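Subject: Structure for your review

Hello,

Here is the structure I said I would pass on. Please look it over alongside the notes below.

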Amino acid sequence: MKQSLFALLALCAVLPLAAETLTLPAPRKTGGMPLAEALSARRTERKFPDAVKPTLQQLADLLWAANGVTRPDGKRTAPSARNCQEIELAVATADGVFTYDAKANTLTRVETDDTLDTLRGDASVYLILHYDRDAQKRESAVVDAGFVGQNVYLWCASEGWGTVFLGTVDRRRVAAVLGCGEDEVLYAQKIGIR
Ligand SMILES: Cc1cc2nc3c(=O)[nH]c(=O)nc-3n(C[C@H](O)[C@H](O)[C@H](O)COP(=O)(O)O)c2cc1C
């Protein structure tokens with residue numbers, strides 16, 4: 001009896017991790033660098049020797065800036081063709097791989113191997129920008145992803161972080177991790193938080 005109780009408690013401790021969804025803190029929607037200064041500071045950095053692990057607040061802020069919800073009707077920080085909102089974000093950090101739900105402001109863990117951790121390299125965050133090919137034409141999705149990428153560039157400039165937008169992505173490996181089509185993996189973006 002005692003043994004089965006221990007087994008049950010051990011299972012309860014493990015199960016939430018298996019399908020872990022965590023609610024992010026409310027993103028910071030005020031402050032930051034004046035826009036003209038952020039535009040001047042925006043640049044690509046490819047090496048992140050001083051990168052640190054993101055806090056949940058930093059992830060919430062970054063993801064909201066990238067493609068978060070700004071209005072009661074669900075519209076976002078990034079525009080999208082026909083308001084399709086087809087760009088999905090997957091996030092790899094030293095703590096694992098997660099999918100971002102902008103409406104719920106949550107991260108859900110993806111159980112996977114260390115593929116994305118390897119692709120993250122010395123960055124704090126490896127963002128994958130992908131889409132659903134049934135929801136949007138690829139040519140519109142590519143443009144929509146560009147807006148998300150620029151939002152991330154400007155947020156990083158404002159925070160003093162480094163970033164690089166990447167067309168060079170190992171789509172085969174990333175698609176295997178996310179369980180989507182290779183052609184649905186559009187871009188990646190590395191972020192180095194200081
Ligand atoms: C669509 C796109 C794809 C890119 N792909 C890569 C890439 O695969 N590797 C890389 O190092 N930089 C990549 N970049 C970053 C560009 O090389 C960089 O923006 C350009 O050199 C200009 O530098 P700046 O961003 O500092 O103005 C990409 C940029 C864009 C817009």
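The notes cover the ligand site and then the sheet with its helices. Please keep in mind that this is a predicted model, and that the values are computed from it.

Ligand site

The residues around the ligand are Arg-42, Arg-43, Thr-44, Arg-46, Tyr-153, Val-164, Phe-165, Leu-166, Gly-167, Thr-168 and Tyr-187. Sorted by class, this shell has 5 nonpolar, 3 polar and 3 charged residues. Strand β6 (residues 162-166) supplies the largest share of the shell, 3 residues.

- Thr-44 has a polar side-chain atom 2.5 Å from an oxygen atom of the ligand.
- Arg-42 likewise places a polar side-chain atom 2.7 Å from a ligand oxygen atom.
- Gly-167 uses a backbone N or O atom, which lies 2.9 Å from a nitrogen atom of the ligand.

On its own the ligand exposes 620 Å², and the protein buries 52% of that area.

Sheet

The sheet is open and has 7 strands in the order β1-β4-β3-β2-β5-β7-β6, with antiparallel pairing. At its edges are β1 (21-23) and β6, each of which pairs on one side only. From one strand to the next, the twist averages 25°.

Strands β2 (residues 88-93) and β3 (residues 96-101) form an antiparallel pair over 4 bridges, and the hairpin that joins β2 to β3 runs through 2 residues. Across this pair, Val-91 has Phe-98 in β3 as its bridge partner, while Ala-92 stands opposite Val-97 in β3.

The next pairing, β3 with β4, is antiparallel over 5 bridges. Here Phe-98 stands opposite Arg-109 in β4.

Which strands does helix α3 (residues 56-67) touch? Helix α3 packs on the sheet against β1, β2, β3, β4 (106-110), β5 (125-130) and β7 (185-192), and its direction makes about 155° with that of β2. Helix α6 (residues 171-178) lies across β2, β4, β5 and β7 and runs at about 90° to β7.

Regards

Note on methods:
Residues are numbered from 1 along each chain as its sequence is written. This is a predicted model: local features need pLDDT of at least 70, side-chain atom pairs count only at pLDDT 80 or more; totals for chains, interfaces and linings use all residues. Side-chain values use heavy atoms; hydrogens and water are left out. A residue is near a molecule or strand if one of its heavy atoms lies within 4 Å of it. A polar contact is a pair of N or O atoms within 3.5 Å; within protein, one must be able to donate a hydrogen and the other to accept it, and residues adjacent in sequence count only if both atoms are side-chain atoms. Accessible areas come from the Shrake-Rupley method with a 1.4 Å probe; for residues, only the protein chains shown count as cover. Ala, Val, Leu, Ile, Met, Phe, Trp, Tyr, Cys and Pro count as nonpolar, Asp, Glu, Lys and Arg as charged, and the others, Gly among them, as polar. Two strands pair if DSSP finds at least two bridges between them. Axes are lines fitted to C-alpha atoms, for helices over the stretch in contact, and angles run from 0 to 180 degrees between N-to-C directions. Contact means heavy atoms within 4.5 Å.
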